[in-house]
Amino acid sequence: MKRILMALAVLLAVQVADAQVKTPEAAKKSLDNAIAASKDAKKATKVATWMKLATAYMDAYNAPAGPAWVGASRQELQLVMNNDKPVSTENSVLGGEPCVKEIYADKVFYYNQAGQLIMIYVTKPVVEDPLAGAQAAFQKAYEVDLKKSKLKDITAGLENISKKYYEDGMNKYMLDDIAGASEYFGKAAAAAAAEPLAKVDTTALYNAGFTAWMLKDYENAKKYFESCIAAEYYYEGGEVFAKLADVYTNLDQKTAARDILESGFTKFPQSQSILIGLINYYLTNNEDPNRLFELIGLAKKNEPDNASLYYVEGNVYVELRKADPENAEKYTAKAVEAYDACSGINPEYEFGYIGKGIMYYNIAIELQEAAAAELDDAKWVKLNKQFTEALKNALDPFEKAYNVSKDDSLKVNIAEYLKNIYYRFSSDGPEWEAGYKKYDEVVKTGKPL
């Protein structure tokens with residue numbers, strides 16, 4: 001779960017130590033004075049009043065961390081933290097990795113195994129949500145700044161607030177506070193969208209939607225994912241379409257779920273999550289799954305020589321085979337036909353071979369499991385024979401995929417399948433044993449031969 005989000009997240013910005021950072025007490029006093037000034041009718045008309053208030057809120061935000069910064073070593077922080085000492089120290093886990101946790105009166109420091117500070121988590125802010133106060137002050141400054149003399153500073157201020165909200169959202173996510181993470185990712189997106197910055201932060205929007213979806217907060221997830229679609233941000237092969245369709249389904253908006261899946265399919269026909277979502281939709285709602293083939297057919301008309309479309313067609317038949325076991329044999333034959341057409345159009349496109357190989361490999365596993373549960377000897381013999389045939393049927397397409405692929409990491413993954421197949425038959429002759437040793441070496445070293 002964390003790996004999924006971290007894959008799309010911007011890494012936490014390395015902060016620079018600031019020797020001039022205010023103490024929480026000094027920051028609170030300055031903030032109180034700035035708030036008082038903003039309530040003075042005459043001063044409230046001046047842009048400087050609101051810029052000072054925004055700065056005071058940002059000082060209040062930064063004060064609890066003191067001069068510490070992410071990336072510092074424990075030794076460095078011991079020199080700059082003066083009399084600010086931890087109340088206690090304990091071993092902990094952060095993001096699945098062991099760490100050391102230093103607990104202070106108003107914050108917690110997390111260090112990795114190398115003794116480097118990787119997170120500052122404030123537990124006692126100077127005021128509640130100082131970033132919201134800073135954002136409101138910057139926007140008020142923009143409103144009264146008729147000459148727009150501070151436009152650059154205001155824009156930079158909002159950009160910084162958005163970044164800080166995002167970092168805080170990541171911190172909450174790493175601490176498994178998913179609700180807090182979702183809230184702060186949403187605030188990061190809102191700060192970026194505020195005038196005069198007026199920026200669409202698609203990463204924050206997606207994270208806000210993803211965490212809301214995790215919480216089954218479907219209304220908010222819908223809002224954020226729809227914003228992603230509007231901004232033409234689809235994330236990793238169209239995942240936003242699949243997530244939004246699931247949201248619509250849970251909100252009982254079935255037509256919207258179908259429409260968004262079909263829209264996503266036309267843009268990302270190779271997306272497995274969109275494909276599975278469409279198949280589940282058609283079968284669950286008793287609609288004709290041949291609609292998928294209509295969509296593929298339209299794509300083929302536009303790109304008749306696009307081998308990947310035939311690969312997708314094969315995947316559709318494989319998923320239908322799973323959903324409709326009574327017609328498994330028919331769908332298997334159709335899938336083979338589509339995968340072979342894919343390879344025929346472009347023999348250098350490895351996925352036609354891979355699709356066929358994986359299908360037969362998975363069929364072999366199904367037969368092996370069925371044989372293991374079978375008590376009748378004659379039926380066991382038949383199932384075992386079918387298992388052997390299916391496994392050997394997977395061999396040739398995997399070999400071809402391995403030979404034509406130019407992607408080393410993909411070749412290593414293919415080698416894993418080939419190693420397992422050759423091992424199964426390694427006692428049947430020296431060629432099988434040699435094949436096993438060849439691909440076992442590839443898997444062990446991660447280096448294709």
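Q: In this predicted model, which residue that follows helix H6 has a positive phi, and near what value?
A: Residues are numbered from 1 along each chain as its sequence is written, and the model is a predicted one in which local features need pLDDT of at least 70. Helices (H or I, at least four residues) and strands (E, at least two) are DSSP runs, numbered from the N terminus. H6 covers residues 151–174, and the residue with positive phi that follows H6 is Asp176, near 65 degrees.

Q: How far does helix H9 (residues 218–230) reach between its end C-alpha atoms?
A: The expected span of a helix is 1.5 Å times one less than its number of residues. Because H9 has 13 residues, it should span 18 Å, and the distance between its end C-alpha atoms agrees, at 18 Å.

Q: Which helices do the buried residues of H9 pack against?
A: The buried residues of H9 (buried means under 20% relative accessible area, with a 1.4 Å probe and protein chains only) include Tyr218, Phe225 and Ile229. Through contacts, defined as heavy atoms within 4.5 Å, these buried residues pack against helix H7 (178–193), helix H8 (202–214) and helix H10 (239–250).

Q: Which residue in the turn between strands S1 and S2 has a positive phi?
A: Strands S1 (residues 88–94) and S2 (residues 97–103) are antiparallel over seven bridges, where pairing requires that DSSP finds at least two bridges between two strands. The bridge partner of Leu94 in S2 is Glu97. The two strands form a hairpin with two residues between them, and the turn residue with a positive phi, of about 60 degrees, is Gly95.

How values were computed: This is a predicted model: local features need pLDDT of at least 70, side-chain atom pairs count only at pLDDT 80 or more; totals for chains, interfaces and linings use all residues. Side-chain values use heavy atoms; hydrogens and water are left out. Buried means under 20% relative accessible area, exposed over 50%, partly exposed in between (1.4 Å probe, protein chains only).
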